[in-house]
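Here are my notes for when you have the model open.

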Amino acid sequence: MGMSVTIDRAAEQDAEQILKLQYLCYQAEAELAGDYQIDALTQTADDLRAEMRAGLVLVARLGTEIVGSVRGTVDADGTASIGRLIVHPRMQRHGLGGRLLDRIEERLAAEADAARYRLHSGQRGEGNLRLYRRLGYAPVATEHVSRHLNVITLEKIRVPRARPGELAASA
C-alpha cells in the first residue's frame, strides 16, 4: 500500500529541506527568465525561518520527505499574499499544487480572516497560470520586470463556505 501525502504547517527544522526543493523547482523559472539570481534561488535558511515566523508556511510530506510547500501572509486590509508554491517535479500533475493552494487559502481565511487572495506568476509559466485560473484566480495586473520577464498578478475573492445546516436554515 502506498503512502499518502499530508499537508501541515512547516516547522523551523524543515527550512533546509524546503530550500532544497525550492532550488530544484525554480530552475525552470530561472531559465525562462534568463536570470539565475532570482530571490527563490538566493534565499537563505535564515530568511526562510523569518518568513515562517511572520506568516504561514505549509509543507506537503510523503512520509518524511517534503514534496511541496506554499507560503502566505495577510495584510491589514485582509489581502492574503500567497507565494512560493512548489511541488517536486515527480509529484507534479497529480493535484498536489491545487491541494496546497486550497489548504493555504482555508488556513489564511480561518486564522487571519483573509478576504481575498493574491499571487504572482511569470508570464511564461503557462502551466501555473492554467492552475491558478482553474482555481478561480483572475489576472489583475502585469508588470514588466525585464526584457525576458513579465510578472502577472492574479487575485481571487474569498467565497465563504456554508457550514453544515446553514443552507437549510436560510431556505
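1. Helices (H or I, at least four residues) and strands (E, at least two) are DSSP runs, numbered from the N terminus.

2. Keep in mind that this is a predicted model: local features need pLDDT of at least 70, side-chain atom pairs count only at pLDDT 80 or more, and totals for chains, interfaces and linings use all residues. Residues are numbered from 1 along each chain as its sequence is written, and side-chain values use heavy atoms, with hydrogens and water left out.

3. Now the pair itself. Helix 1 (residues 15-25) packs against helix 4 (residues 45-54) at an angle of about 110°, and their axes are 10 Å apart. The two are therefore roughly perpendicular to each other (that label covers 65 to 115 degrees; under 35 is roughly parallel, over 145 roughly antiparallel, and the rest oblique).

4. Which residues make the contact? Helix 1 brings Ala 15, Glu 16, Ile 18 and Leu 19, while helix 4 brings Ala 45, Leu 48, Arg 49 and Met 52; contact means heavy atoms within 4.5 Å. Sorted by type, these residues are six nonpolar, no polar and two charged (Ala, Val, Leu, Ile, Met, Phe, Trp, Tyr, Cys and Pro count as nonpolar, Asp, Glu, Lys and Arg as charged, and the others, Gly among them, as polar).

5. Helix 4 has two sides worth a look. Its buried residues are Ala 45, Leu 48 and Met 52 (buried is under 20% relative accessible area, exposed over 50%, partly exposed in between, with a 1.4 Å probe and protein chains only). Down the helix 4 axis, these fall within an arc of 60°, so they line one face of the helix; the arc is that of the directions from the axis to the C-beta atoms. Their cover includes helix 1, strand 2 (56-62) and strand 3 (65-74). On the face turned away from the buried side sit the exposed Asp 46, Arg 53 and Ala 54.

6. Thr 64 is in the loop between strand 2 and strand 3. Its relative accessibility is 73%, so Thr 64 counts as exposed.

7. Last, Asn 150, which belongs to strand 7 (residues 149-157). Asn 150 is partly exposed, at 22% relative accessible area. Beyond its neighbours within four places in sequence, its contacts include Ser 121, Gln 123 and His 144. From Asn 150 to Ser 121 is 29 residues in sequence and 8.5 Å in space, C-alpha to C-alpha.

Terms used:
Axes fitted to C-alpha atoms, helices over the stretch in contact; angles between N-to-C directions.
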